[in-house]
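Below are my notes on the model, as numbered points. Please read them alongside the coordinates.

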Amino acid sequence: MARRLTTNSQIDAFIQKVTADALHHAQGVAGIIGPFEQAVRACLNLAIDTVKVMERNGVLGRTCWIVIGGNRWAFSYSHQSRAIELRLGSTQGPVRFRFDNSTTPASLAEQVACL
C-alpha cells in the first residue's frame, strides 16, 4: 500500500525518517537526500501534484512516488548500484537517473528540471 502525504509537515517527517535510515544503512546517499528533496519540493504543488510513500502495517517505508505535471516518478534506494534511482512510472520502470552523495548540484538540478 501507499500513503499519500498531503502536507509539508508530513513530507518533512518522511524525509527525516529516510535520512536517518540512510545514515545507518546507506551512508553513500545520506548527503544527497536533502538537496534532492529541496529541488523536488521547489517544483511541487501539493494542491495539484501527489506524493505517496510505501506503507506496510502502518509503518512508512523508504520508497516514494510523486506525480508532477501528470508524470509519475518513483524513487528508491538500489542496493546493487548503491544509489537512489529515479524511475519513470513505477519502481519497475526504466531508470532515468541514479544519484548519490557524489552527484553534483548542477546534475541534480538538471534531472529535477526534467520531472
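1. Strand β2 (residues 50-56) pairs with β3 in the antiparallel sense over six bridges; two strands count as paired if DSSP finds at least two bridges between them. Lys 52 stands opposite Trp 65 in β3. Strands (E, at least two residues) and helices (H or I, at least four) are DSSP runs numbered from the N terminus.

2. The model is predicted, with pLDDT of at least 70 required for local features and 80 or more for side-chain atom pairs, while totals for chains, interfaces and linings use all residues. Numbering starts from 1 along each chain as its sequence is written, and side-chain values use heavy atoms, without hydrogens and water.

3. Six strands make up an open sheet in the order β1-β2-β3-β4-β5-β6, with antiparallel pairing. β1 (2-5) and β6 (95-99) are the edge strands, each pairing on one side only. On average, neighbouring strands are turned by 25 degrees against each other, direction ignored.

4. Helix α1 packs on this sheet and touches β1, β2 and β3 (contact: heavy atoms within 4.5 Å). The direction of α1 makes about 125 degrees with that of β3; axes are lines fitted to C-alpha atoms, for helices over the stretch in contact, and angles run from 0 to 180 degrees between N-to-C directions.

5. How is the lining of the largest pocket made up by class? That lining has 18 nonpolar, six polar and six charged residues. Nonpolar means Ala, Val, Leu, Ile, Met, Phe, Trp, Tyr, Cys and Pro, charged means Asp, Glu, Lys and Arg, and the others, Gly among them, are polar.
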